Amino acid sequence: ILSDDQLSAGDFVRNVKTLVDLLRQISTVAPDRATATAAAKAADHLHHGVVAASTDLAPGQVLDPQGKLGEASS
């Protein structure tokens with residue numbers, strides 16, 4: 001996915017985090033227990049690695065494409 005020049009690593013992480021947020025909202029409001037459970041599990045499966053690590057970054061910190069911590073360039 002990231003080898004395509006149209007999607008940067010940062011855009012990918014941001015899109016996955018948005019999807020995780022949506023899935024968590026669905027898991028909260030879904031009237032069907034199976035749907036709520038499936039949405040919660042999907043959110044948990046997506047929220048790992050670089051996506052999870054990016055949540056805990058201090059201001060000005062970034063993750064490079066290999067997931068290593070660095071400072072944002074100006």
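The numbered points go from the chain as a whole to single residues.

1. Overall make-up. This is a predicted model. The protein chain holds three helices and two strands. Read from the N terminus, the elements follow the order α-α-α-β-β.

2. Burial and surface. Of the 74 residues in the protein chain, 15% are buried. The accessible surface of the chain is about 5500 Å², and carbon and sulfur atoms account for 56% of that area. As for contacts between residues at least 6 apart in sequence, 22% link residues at least 24 apart.

3. The nonpolar core. Six residues form the largest nonpolar core: Val 16, Val 20, Leu 23, Ala 39, Ala 43 and Val 51. At least two residues of this core come from each of helix H1 (9–29) and helix H2 (33–46). The biggest contribution is that of H1, with three residues. In soluble globular proteins, nonpolar side chains tend to be buried together.

4. Ala 39. This core member is in contact with Leu 23, Ile 26 and Ser 27, once neighbours within four places in sequence are set aside. Leu 23 is itself one of the core residues.

5. Ile 26 is found in helix H1. Is Ile 26 buried or partly exposed? Ile 26 counts as partly exposed because its relative accessible area is 32%, which lies between the limits of 20% for buried and 50% for exposed. Together with Leu 19 and Leu 22, Ile 26 makes a nonpolar surface patch of about 230 Å². Ile 26 is also among the contacts of Ala 39.

6. The salt bridge. How many salt bridges does the count give? The count comes to one. It joins the side chains of Arg 14 and Asp 11, with a distance of 2.2 Å from N to O. Both Arg 14 and Asp 11 belong to helix H1, where they are three residues apart, or about one turn of the helix. Asp 11 has a relative accessibility of 26% and therefore counts as partly exposed. Side chains of opposite charge can pair when their charged atoms come close.

7. His 48. Where does His 48 lie? His 48 sits in the loop between H2 and helix H3 (49–55). With a relative accessibility of 51%, His 48 counts as exposed, because the limit for that class is over 50%. A polar atom of the His 48 side chain is 3.1 Å from the backbone oxygen of His 45.

Note on methods: Residues numbered from 1 in each chain as written. Predicted model: local features only at pLDDT ≥ 70, side-chain atom pairs only at ≥ 80, totals over all residues. Heavy atoms only, no water. Core = buried A, V, L, I, M, F, W, Y, C linked by side-chain atoms within 4.5 Å. Buried < 20%, exposed > 50% of the residue type's maximum accessible area, 1.4 Å probe, protein only. Helix = DSSP H or I, 4+ residues; strand = E, 2+ residues; numbered from the N terminus. Contact = heavy atoms within 4.5 Å. Salt bridge = Lys/Arg side-chain N within 4 Å of Asp/Glu carboxyl O. Polar contact = N/O pair within 3.5 Å; in protein donor to acceptor, adjacent residues only side chain to side chain. Patch = residues over 30% accessible without salt bridge, like charges linked within 9 Å, V, L, I, M, F, W, Y side chains within 5 Å. Areas by Shrake-Rupley, 256 points an atom, 1.4 Å probe, with all protein chains shown as cover.
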